[in-house]
Amino acid sequence: VPLQTMLRAIALQPSDLRLRNQLGLILIDHGELDVAARSFQAILRHDPDNRDAIAGMATVLERRGDLIGAARLLGPHTTEPHVRIATVWATICRRLSCPHHGMPALEAALRADPSLANASDAMQQTLLFYLVQRADAEAEACAQLLLAAGADPLHLDVHKQTALFYAAKHDNPATVRLLCDAVVGTRRGSAAAARLRKAMVDVNK
């Protein structure tokens, strides 16, 4: 929908929050992040739980580079079955775990809100699940950072799998060993993890 058309529609129906949400998205597409933010903030003043506006405001923050602010805004809602929230959260997770840029952003995010270490998406996957898909030194360092911040290595996604399963699936032995060590340190998984780590050592001989 063209921007001018949307502005005319809102002038006719100023209380229509759905139209204001659409306006915010159009403004984002036009690079008008400040104006888009004001549109979403106006919605949230009237309806603080409006999920479309929360996702829109998080998108504005993510585009501005404020990954911490975006993550904290989405934090309470990441497991909800809302397409736009899930999409924005996945983008934030990818940026926090991306090569060369993720480590400083992740450190800052965890300092601001340590609970992000266990924040999960609609698939119940935490940041660890994103990191284990990479096999590089920075991904391993980011995984160590998350685990030190309290990330649960035994957290299960909707498929009843842990990050360890995906690390093995992506042939990432360094992260597999890291996660096994973390699991050994928990009361729930010490025996099973010890057996798995021995198996991995045998495989890598």
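The protein chain of this predicted model has an accessible surface of about 10,600 Å², and 55% of that surface belongs to carbon and sulfur atoms (Shrake-Rupley method, 1.4 Å probe; for residues, only the protein chains shown count as cover). Local features need pLDDT of at least 70 and side-chain atom pairs count only at pLDDT 80 or more, while totals for chains, interfaces and linings use all residues. Residues are numbered from 1 along each chain as its sequence is written, and side-chain values use heavy atoms, with hydrogens and water left out.

Of the 205 residues in the protein chain, 45% are buried (under 20% relative accessible area, 1.4 Å probe, protein chains only). The chain holds 12 helices and 0 strands (DSSP runs numbered from the N terminus: H or I of at least four residues for helices, E of at least two for strands). Among contacts (heavy atoms within 4.5 Å) with a separation of 6 or more, 56% join residues 24 or more positions apart.

Helix α9 (residues 137–148) and helix α11 (residues 173–184) have axes that come within 10 Å and cross at roughly 15 degrees (lines fitted to C-alpha atoms over the stretch in contact, with angles from 0 to 180 degrees between N-to-C directions). α9 is therefore roughly parallel to α11 (an angle under 35 degrees). From α9, Glu-140, Ala-143, Gln-144 and Leu-147 meet Ala-174, Leu-178, Leu-179 and Ala-182 of α11. By class, this contact of α9 with α11 has 6 nonpolar residues, 1 polar and 1 charged (Ala, Val, Leu, Ile, Met, Phe, Trp, Tyr, Cys and Pro count as nonpolar, Asp, Glu, Lys and Arg as charged, and the others, Gly among them, as polar).

Definitions and conventions:
Buried < 20%, exposed > 50% of the residue type's maximum accessible area, 1.4 Å probe, protein only. Parallel < 35°, antiparallel > 145°, perpendicular 65-115°, else oblique.
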